[in-house]
Amino acid sequence: MTNHTEPNLVHAYIDDELDLVRSMEVEDHLAECADCAGQVASYRALRAGIGAHALRYSAPAQFRASLLEEIGKESFSEPSLENGLKKKPDALPRASFSPWANLRIPIWNWAALAACLAIAVGALFFGVHQRREHNLSQEIVADHVRSLMATHLTDVLTSDQHTVKPWFTGKLDFSPQVRDLSPQGYDLIGGRLDYLAGHSVAAIVYQRRKHVINLLTWPSDDADEQPKSSAQQGFNLIEWRQAGMYYCAVSDLNQAELMDFVSMLRK
Amino acid sequence: MFSNSWNKFLLTGVLHSQGGFPTDEQAKLARFDAVVMPHLDAAYNLARWMTRNTTDAEDVAQEAMLRAFRFFNTFQGEDGRVWLLTIVRNTYLTWLRRQIPQQNAAEFDEAVHTDIEAALTPESEVLRRAGEQQIRKAIAQLPPEYREVILMRELEQMSYKEIAAVTQSPLGTIMSRLSRGRNLLRRLVGGECGTEVKHRD
């Protein structure tokens with residue numbers, strides 16, 4: 001064999017740090033190359049030799065105790081630890097040195113500071129919340145587009161609501177509501193299982209003329225919310241929460257009709 | 001006043017003797033207790049192997065723990081062990097800079113050891129059965145940049161990614177240091193073992 005496995009790869013292989021494909025390549029090579037196989041065996045033996053002894057040192061009890069004491073000192077000698085400056089343990093009381101010693105900060109100042117902080121934190125959370133919502137609608141649109149591009153619009157293809165609903169049983173830890181709206185012009189065409197925003201999601205697929213509507217749903221702990229519409233990359237989204245479930249209808253259908261569809265579902 | 005148990009220390013030691021603490025300080029202690037203290041042994045182990053003696057290990061480990069406590073507000077919720085060992089390693093490097101005159105002499109001299117290596121090819125069986133003292137001695141002889149990655153990999157069972165985070169080096173560097181470190185270690189363990197066998201014969 002001329003193409004020996006690189007030494008670095010040999011070690012990554014021994015340490016289980018290679019991905020499956022590369023790991024299989026190394027194995028294939030080892031099967032036919034005695035040199036490399038010998039290397040692997042000898043490094044494994046070395047690891048076994050190291051592993052056979054308790055080489056790890058534990059912190060001695062006395063050291064641990066004195067360390068705790070030091071941390072304790074640190075903790076109450078320095079109220080403003082956060083600035084990272086170390087104060088000498090036996091330094092004299094601050095008042096005698098500090099030019100700030102006699103400066104009393106009026107109480108209203110603290111109140112103002114607290115208010116500023118509260119506002120800042122609030123703004124931060126609001127921002128994070130907004131961003132999360134934005135991400136979610138992006139994910140939903142991406143899921144919708146994917147479902148149209150790949151031949152994976154439906155896992156179960158049927159217009160019968162009594163086939164779609166049981167199909168989800170055993171695949172999800174919740175049971176989505178599936179309604180037949182074909183008399184109203186929204187044909188049920190099937191269901192699909194997806195994974196979105198960290199949960200398993202039921203996608204129930206409807207069609208209005210040539211427009212596909214993905215109705216995504218999963219359980220949510222939040223309180224009920226009225227339908228809220230938005231648009232993303234030319235798609236219309238309407239999301240709401242009802243009876244412990246989150247719903248989002250996404251489609252290229254116009255907003256008025258999509259809202260019509262949603263209000264029929266919610267009846 | 002301070003008990004060996006950290007929990008007792010937290011609840012009875014500091015808080016009672018001080019007659020109450022600002023709540024954020026209490027919270028900090030509790031969080032430090034939960035996130036950092038479980039890795040004290042890992043910190044001490046790294047310090048002990050890198051400094052190669054108990055006194056310096058205690059100095060380095062203590063300094064590192066105090067730094068960790070002082071800078072705990074910069075901890076962003078990443079892996080506590082990775083975070084702490086990064087501090088231990090930096091503390092060790094600072095310590096090393098003060099030690100350089102004494103340290104150099106003790107380092108592994110590759111030229112001296114290559115002769116042994118040339119004479120003896122270590123067999124897997126020899127490596128597998130190597131005695132504790134042999135292995136300890138061999139690891140202690142490794143140059144520090146190899147020793148630290150071997151320690152983190154073999155004694156702390158850390159992933160390449162974690163080791164890369166602690167040493168602040170790319171994965172490729174970790175891989176090549178491990179590779180060279182193990183190669184050297186194999187020669188040291190195998191070589192010394194071979195010499196002993198020779199003596200016995």
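1. Start with one residue pair. Val156(A) has Gly191(A) as its bridge partner, and Gly191(A) sits in strand 2 of chain A. The model is predicted. Strand 1 and strand 2 (residues 187–196) of chain A are joined by two bridges. These two strands run antiparallel.

2. Now widen the view to the sheet. How many strands does the open sheet in chain A have, and in what order? It has seven, in the order 1-2-3-4-7-6-5, and the pairing is antiparallel. The edges are strand 1 (156–157) and strand 5 (225–232) of chain A. Each edge strand pairs on one side only.

3. Two helices of chain A deserve a look here. Helix 6 (residues 161–168) of chain A packs on the sheet. Helix 6 touches strand 1, strand 2 and strand 3 (199–208) of chain A. Its direction makes about 15 degrees with that of strand 2 of chain A.

4. Helix 7 (residues 255–266) of chain A also packs on the sheet. This helix touches strand 3, strand 4 (211–219), strand 5, strand 6 (235–242) and strand 7 (245–251) of chain A. The direction of helix 7 makes about 20 degrees with that of strand 6 of chain A.

5. Step back to the whole of chain A. It has seven helices and seven strands. Along the sequence, they follow the pattern α-α-α-α-α-β-α-β-β-β-β-β-β-α. So what share of the 267 residues in chain A is buried? The figure is 23%. Take the contacts in chain A between residues at least 6 apart in sequence: 50% of them join residues at least 24 apart.

6. Check helix 1 (residues 7–14) of chain A. Which of its residues are buried? They are Leu9(A), Val10(A), His11(A), Ala12(A) and Tyr13(A). Just after this helix, Asp16(A) takes a positive phi of about 60 degrees.

7. Turn to the contact between the chains. Chain B gives 44 residues and chain A gives 38 residues. On the chain B side, the elements that give two or more residues include helix 1 (6–17), helix 4 (54–70) and helix 9 (144–155) of chain B. Which element of chain B gives the largest share of the side that touches chain A? Helix 11 of chain B does, with eight residues. Helix 11 of chain B spans 171–200.

8. Last, the make-up of that side. The side of chain B that touches chain A has 22 nonpolar, nine polar and 13 charged residues.

Conventions: Residues are numbered from 1 along each chain as its sequence is written. Chains are lettered from A and ligands numbered from 1 in the order in which they are written. This is a predicted model: local features need pLDDT of at least 70, side-chain atom pairs count only at pLDDT 80 or more; totals for chains, interfaces and linings use all residues. Two strands pair if DSSP finds at least two bridges between them. Helices (H or I, at least four residues) and strands (E, at least two) are DSSP runs, numbered from the N terminus. Two residues are in contact if their C-beta atoms, placed from the backbone, lie within 7 Å. Axes are lines fitted to C-alpha atoms, for helices over the stretch in contact, and angles run from 0 to 180 degrees between N-to-C directions. A residue is buried if 20 or more other C-beta atoms lie within 10 Å of its own, exposed if 12 or fewer, and partly exposed in between; C-beta atoms are placed from the backbone. Ala, Val, Leu, Ile, Met, Phe, Trp, Tyr, Cys and Pro count as nonpolar, Asp, Glu, Lys and Arg as charged, and the others, Gly among them, as polar.
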